[in-house]
Amino acid sequence: MSAHLLIFIEEKISDDHLSFMDMYIPDIIREKASASGIVDNIYYSIPESYSGKLKSYKNVLIRKSIDDIVFWKEILEKTGFTSLIKIYGDSPFFDISIIKEMLEQHKKYLAEFTFSENVPEGLACEIISMELVKDLPETDKKTLSLSEVVRTNINRFDVELYYRDPDIRDKRISFRSGNLRGKKIMENIYKAAKGIPAYEKIKDIIETDPEILYAGPSYAEIELTGRCQLNCIFCYRKTLQKVHGDMDTSTFKKIIREMWRFELPYTICLGGSGEPLLHPGLYEMLEHANNDALVDKIIIETNGIDADSNFSGFLEKTENNKIITIVNINGYNNETYKKLHGEDYFNRVFNNIESLKFLNSEQSKKLYVQIMKINETEDYLDRYYDFWEKQNIPIILQKQNTYLGRIEDRTYSDLSPLERTPCWHLQRDVFILWDGRVTFCKEDVSGKYFSASINSESLTDIWNRKKEIFVNNYKSELSKEPDCNNCDEWYTFNF
């Protein structure tokens, strides 16, 4: 039982990504694979853009394309493999026992392609047979990798799906060091285990020490303003004792600076109690965030009233646009719109959405409409979908949030899982009000339950002070103020 091994380096992966705890990951993979006795030859696939130390290694194959059909035919011609194991080069935690079992299964059932869905990427591998590559037709299309071709046409090939307990997909961890959050969590696991642990021990290590997962925010919801033109029946704004004002541009820029302390990519959501497009400094702040290297996405949740030519013009000219626009529109005509939003802006919002259609293409979707799943929309949900699908606008079905009973519960079905799991928002999110206050969580919309401000403390200090809240929640010791037992947002996940 043996095969060739291909250590695959993706685009934009540098030697910084390939270093882990003072070790060079491709060397870790090579040494473990060589000692296992299951590998005949080891090859390295690197993109033309790569400039690191692997360029001087033996059996290096420089590729011009992605790992598409053309690429694999070239690999077959150069290596003559019967079976080939593909492992990503930034996988320090890859488990050789998993690779052995996958190869045994692949050989036993004469598979063309073997992969795992329940073992997170970076711990397992993909195994490709010579027959699969030989039988694939030549193509000029460069849009899909071989793995994507097989997975999307799985019934056309002899595919083996490998399963291994325990299932840790619920942790949402990337075990590849090219993912900076994943790398930080792996470093935490490594320190707790005093080395790279076997796959079956990872879950217990995390359950014993959940602080391992508390790496830093991946999602920052920022309230630019508390002002809005509408009076929506599901909005909490009117329950606030004090109307929220406009965030200072300097405060917004300080948030961006403070996020650099975590050295992790993250998503910004412009949300909160008001309409972000009403902020007079919106475009300056958007440009500032869009140009920041750590900002991965910028989500604008808007009522669409002011998503006019100024807004569309800004988006059209903005380079490397990271901005995704979600228009909260719960109607498909004037009547249904006014019933939920309290004012009749339907035609204006519809025209603005039409002018933003250029944001969507086959390759990328950056414009969505969003409808809330509540009693008032249940009767016409099908008509809503029909209407907006004809406009070729993707639809988001939103769950209602009552904000711990602040507003009436209008839901007609309970979406909560049967078993409670740790809150994603306490683990990964930070919610910042217009005046720079950081709240307990997204439910603490007035900042009643946690006292902290970006204007007087560093965000890392604030985040570390909140660690105990996360750990207690993870251990099912739920907060009474605010009442986490009364919350049903714990299972919703942002980024």
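Which strands does helix α3 (residues 96-108) lie across? Here are some notes on that and on the aromatic contacts, for you to follow in the viewer.

1. Helix α3 lies across β1 (3-8), β6 (83-88), β7, β8 and β9. Its direction is at about 150° to β9. Please keep in mind throughout that this is a predicted model.

2. The strands under discussion belong to an open sheet of seven, with mixed pairing. If you want to trace the sheet from one side to the other, the order is β5-β4-β1-β6-β8-β7-β9. Strands β5 and β9 (159-162) are the edges, each pairing on one side only. On average, neighbouring strands of this sheet are turned by 25° against each other, with direction ignored.

3. A handy place to look is T114, which stands opposite I127 in β8.

4. Now to the rings. A search of the whole structure gives 27 aromatic pairs. Among them is the pair of Y44 and Y57, which is edge-to-face, with 5.4 Å centre to centre and 90° between the planes. Y44 sits in strand β4 (residues 39-47), while Y57 is in the loop between β4 and β5 (60-63), so this pair ties together parts that are 13 residues apart in sequence. Both Y44 and Y57 are buried.

5. Compare that with Y283 and F314, whose ring centres are 5.0 Å apart. Y283 belongs to helix α9 (residues 282-290) and F314 to helix α10 (residues 309-317), so the contact ties together parts 31 residues apart in sequence.

6. Finally, two arginines lie over ring faces. R172 is placed over the face of F493, at 3.8 Å from the ring centre. R176 lies over the face of Y88, also at 3.8 Å from the ring centre.

Notes. Residues are numbered from 1 along each chain as its sequence is written. This is a predicted model: local features need pLDDT of at least 70, side-chain atom pairs count only at pLDDT 80 or more; totals for chains, interfaces and linings use all residues. Side-chain values use heavy atoms; hydrogens and water are left out. Rings of Phe, Tyr and Trp (its six-membered ring) pair if their centres lie within 6.5 Å; planes under 30 degrees apart count as stacked, over 60 as edge-to-face and the rest as tilted. Helices (H or I, at least four residues) and strands (E, at least two) are DSSP runs, numbered from the N terminus. Buried means under 20% relative accessible area, exposed over 50%, partly exposed in between (1.4 Å probe, protein chains only). A charge sits over a ring if NZ of Lys or CZ of Arg is within 6 Å of the ring centre and within 35 degrees of the ring normal. Two strands pair if DSSP finds at least two bridges between them. Axes are lines fitted to C-alpha atoms, for helices over the stretch in contact, and angles run from 0 to 180 degrees between N-to-C directions. Contact means heavy atoms within 4.5 Å.
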